[in-house]
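Please look over the sequence and the structure below before reading on. The report then takes up a few topics in turn.

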Amino acid sequence: MSGNAYRWAIDQDLKMTSKAVLLALAWYADESGGNSHPGASLLSTHTGMTVRSVRRALSALEASGLIRRQGFRKKDGREAFSRSSVYILAMGDGDSVSPS
C-alpha cells in the first residue's frame with residue numbers, strides 16, 4: 001500500500017461509489033500511484049459493491065481523468081486487456097475533480 005496514493009485518493013471530492021473504488025485502487029498502488037492491478041472481482045470484495053457497480057465507477061473515474069487504464073504487455077509487446085488491467089492514478093496532476 002502506498003500512503004501517498006491513499007492520502008491523494010482521500011482528498012478527491014467524489015460520490016461514494018467512485019471514492020470507494022479509488023481508495024481500493026490506491027490501496028494496491030505503488031508510491032507513484034501506478035502498478036495497481038486488482039480485478040473487478042477483488043475490487044468488489046474490497047468495496048462491498050457489485051462487480052457491475054465497480055465497473056461503472058471505474059468508467060467514471062477514467063472519464064474524469066483520475067485514473068488511466070493500461071493493459072498488460074504481451075511477450076510480443078502488444079497491449080492486452082483480457083485479464084485485469086493496470087490502473088495508474090493521476091496523482092501528478094494535483095487537481096481534484098467534482099463529484100462523479
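## The buried face of helix α1

In this predicted model, the buried residues of α1 are A5, W8 and A9. Seen down the axis of α1, these buried residues fall within an arc of 100 degrees, so they line one face of the helix. As for their partners, the buried residues of α1 pack against α2 and β4.

A search of the whole structure finds one aromatic pair. This pair is formed by Y6 and W27 in an edge-to-face arrangement, with 6.1 Å from centre to centre and 75 degrees between the planes. Because Y6 lies in helix α1 and W27 in helix α2, the pair ties together parts that are 21 residues apart in sequence.

## The largest nonpolar core

The largest nonpolar core has 23 residues, and those with the most contacts inside it are V21, L22, L25, L58, I67 and L89. Two or more residues are given to this core by each of α1 (3-10), α2 (16-28), α3 (40-47), α4 (51-64) and β4. Of these elements, α2 gives the most, with six residues.

One of the residues with the most contacts inside the core is I67. Leaving aside residues up to four places away in sequence, I67 touches L22, L25, L58, L61, E62, Y87, I88 and L89.

## A buried serine in a loop

S85 is found in the loop between β3 (79-80) and β4 (86-89). When residues up to four places away in sequence are not counted, S85 touches S36, H37, R69 and Q70.

## Confidence along the chain

The pLDDT of the chain averages 85, and 78% of the residues score at least 70. Over residues 94-100, however, pLDDT stays under 50, and for this stretch the model has 19 contacts beyond four places in sequence.

Notes
Residues are numbered from 1 along each chain as its sequence is written. This is a predicted model: local features need pLDDT of at least 70, side-chain atom pairs count only at pLDDT 80 or more; totals for chains, interfaces and linings use all residues. Side-chain values use heavy atoms; hydrogens and water are left out. Helices (H or I, at least four residues) and strands (E, at least two) are DSSP runs, numbered from the N terminus. Contact means heavy atoms within 4.5 Å. A nonpolar core is a set of buried Ala, Val, Leu, Ile, Met, Phe, Trp, Tyr and Cys residues joined through side-chain atoms within 4.5 Å. Buried means under 20% relative accessible area, exposed over 50%, partly exposed in between (1.4 Å probe, protein chains only). pLDDT is the predictor's confidence in each residue, from 0 to 100. The arc is that of the directions from the helix axis to the C-beta atoms. Rings of Phe, Tyr and Trp (its six-membered ring) pair if their centres lie within 6.5 Å; planes under 30 degrees apart count as stacked, over 60 as edge-to-face and the rest as tilted.
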